[in-house]
Amino acid sequence: MKNWAGSHEYAAARIHRPTSVEQLQELVAGSRRVRALGTRHSFTDLADTTGDLVSTLDLPPTVDVGDTTVRVAAGVRYGDLALRLHEHRLALATMASLPHISVGGAVATGTHGSGDRTGSLAAAVAALDHVGADGELHRVARGEEDFAGHVVALGALGVTTHVTLDVEPAYDVRQDLFTDLDWDAVDLDELTGAAYSVSLFTGWTNGRIDQAWLKSRGTEAPVLAAEPAATTLHMLAGADVAAVTEQGGRPGPWHERLPHFRLEFTPSRGEELQSEYLLPRRRAAEAVDALRRLAPGFAHLLQVSEVRTIAADDLWLSGAYAGDAVGLHFTWVRDRPAVYAALPAIEAALLPLGARPHWGKCFVATADQLAPAYPRLGDFRDLAGRLDPERKLRNEFLARHVGLEWTNEP
Ligand SMILES: Cc1cc2nc3c(=O)[nH]c(=O)nc-3n(C[C@H](O)[C@H](O)[C@H](O)COP(=O)(O)OP(=O)(O)OC[C@H]3O[C@@H](n4cnc5c(N)ncnc54)[C@H](O)[C@@H]3O)c2cc1C
């Protein structure tokens, strides 16, 4: 079995699809090596194991809607959750570019949308239920000790069965696109502050932001001194515009505008790899300058780059830990050797600025190189050591990039 992008073939000895939490508990309790799997949208060996890979997608798709929170099964996709919430006139504060991803996998990797004042999807987590390495059910809630270590946890602390998320009254969003902005003329803070959620698409080499996607809450048009798009646009040249959510400034339900892609279509290109680095907002201009300088070296591999913003949170392994962040994303062609050959130069420029790689996308930095950007990394390792003393939830990825010691014993 491969991941969504076809870039990784899972090496697990066995793949399981439990249909009850009790089955899942038995599996985890009886396994020597076990990892959770969601909708397989991460691009690397992150989810993999040499032992038992456990899909959460066949667990009962519970969605318990309350007044201010929803408790949802981890294998439910954000797009399906959104439909249920909307029936109750409720909403999430943010969504990723695609609604196809599982709640458990998205939260575990710190997945985010965009918005100066909007946190990542993980920032909305109020509580988690998970099957621990011991096979027992555990619950952690916001405010409890170590909760902030549990949320973006890369599957290293247990298999999440249910996630409780903050919700708010449903709202409308309008999506207005603008084209051809001059990097040298824009004030990035002003631009990302021009709407509730802003995404900027660029190829870096022509000095232009080719497209600016502004998603505004309510009905009022955003004010931007730029050329409004004349037609519906896809951010990828030549891709089918049927796949993108409605543009053109017509207000509609939050979940039909916040993601870039419609649930019933393939998001993005499909044949691709992705990388993303989250940096402190105050280093954004330097990072943009660095990428514009480096772009001639990687432009032949790039389908498009996207710039987004994410509000600060307190989650130990989050890209927005303790400070507002800017996300610099790359949709690459699906040429793994060439992309991985290009990443060291990008990381050499961005890591000194405090870059944190998106855990679910392609990067090369090792745990030692990443440690300065994650002040709570040591605490996370201690927590993983306490909760999983037999190291059954670890894998090669976590050893390489998080420093969770591991040996691949049978
Ligand atoms: C086309 C495309 C667009 C994307 N757009 C965005 C975007 O807009 N913003 C963004 O931030 N990211 C984006 N991503 C990245 C994506 O959100 C992450 O890769 C995320 O992990 C996907 O969730 P998943 O369920 O597919 O995770 P998987 O790939 O299945 O798993 C990823 C990790 O989560 C863990 N995990 C999964 N389920 C559980 C569980 N129940 N309990 C514990 N751990 C679990 C796994 O063990 C693994 O470590 C995009 C990816 C693609 C392919």
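This is a predicted model: local features need pLDDT of at least 70, side-chain atom pairs count only at pLDDT 80 or more; totals for chains, interfaces and linings use all residues.
Biologist: Thanks! Let's talk ligand. Which residues come nearest to it?

Modeller: Ala36, Gly38, His41, Ser42 and Ser102 come nearest, out of 37 residues around the ligand. A residue counts as near a molecule or strand if one of its heavy atoms lies within 4 Å of it.

Biologist: And which polar atoms lie by the ligand's oxygen and nitrogen atoms?

Modeller: A polar side-chain atom of serine 102 lies 2.6 Å from an oxygen atom of the ligand. For arginine 40, a polar backbone atom is 3.1 Å from a ligand oxygen. Histidine 112 has a backbone N or O atom 2.8 Å from a nitrogen atom of the ligand. A polar contact here is a pair of N or O atoms within 3.5 Å; within protein, one must be able to donate a hydrogen and the other to accept it, and residues adjacent in sequence count only if both atoms are side-chain atoms.

Biologist: Tell me about serine 102, then. Buried or exposed?

Modeller: Serine 102 is buried, because its relative accessible area is 2%. The cut-offs are under 20% for buried, over 50% for exposed, and partly exposed in between, using a 1.4 Å probe and protein chains only.

Biologist: Where in the fold is serine 102?

Modeller: Serine 102 is in the loop between β6 (90-91) and α3. Those labels are DSSP runs numbered from the N terminus: helices are H or I with at least four residues, strands are E with at least two.

Biologist: What does serine 102 touch within the protein?

Modeller: Its side chain reaches the backbone nitrogen of glycine 105 at 2.9 Å. Leaving aside neighbours within four places in sequence, serine 102 is in contact (heavy atoms within 4.5 Å) with residues including Gly38, Thr39, Ala74 and Tyr78.

Biologist: New topic: how many salt bridges are there?

Modeller: The count is 25, where a salt bridge is a side-chain nitrogen of Lys or Arg within 4 Å of a carboxyl oxygen of Asp or Glu. Arginine 281 and aspartate 116 form one of them, at 3.0 Å from N to O. That pair links distant parts of the chain, 165 residues apart: arginine 281 is in the loop between β16 (273-280) and α6 (284-298), and aspartate 116 is in the loop between α3 (103-108) and β7 (125-131).

Biologist: Why would such side chains pair at all?

Modeller: Side chains of opposite charge can pair when their charged atoms come close.

Biologist: Which aspartate forms a salt bridge with arginine 281 at 2.7 Å?

Modeller: That is aspartate 189, with 2.7 Å between the closest N and O atoms. Aspartate 189 lies in helix α5 (residues 188-192) and arginine 281 in the loop between β16 and α6, so this pair ties together parts 92 residues apart in sequence.

Biologist: How do those two aspartates compare for burial: which is buried and which partly exposed?

Modeller: Aspartate 116 is buried at 17% relative accessibility, whereas aspartate 189 is partly exposed at 49%.

Biologist: Which strands make up the open sheet, and in what order?

Modeller: Three strands, in the order β1-β3-β2, with parallel pairing. β1 (14-16) and β2 (34-37) stand at the edges with a single partner strand each, so one side of each has no neighbour in the sheet. Two strands pair if DSSP finds at least two bridges between them, and three bridges join β1 to β3 (residues 52-55). In one of these, arginine 14 has aspartate 52 as its partner in β3.

Biologist: Last one: what is the phi of arginine 89 and of leucine 154?

Modeller: Arginine 89 has a phi near 55 degrees, a positive value in a residue other than glycine, and leucine 154 also has a positive phi near 55 degrees. Most residues other than glycine have a negative phi. Arginine 89 is exposed at 52% relative accessibility, while leucine 154 is buried at 4%.

Terms used: Residues are numbered from 1 along each chain as its sequence is written. Side-chain values use heavy atoms; hydrogens and water are left out.
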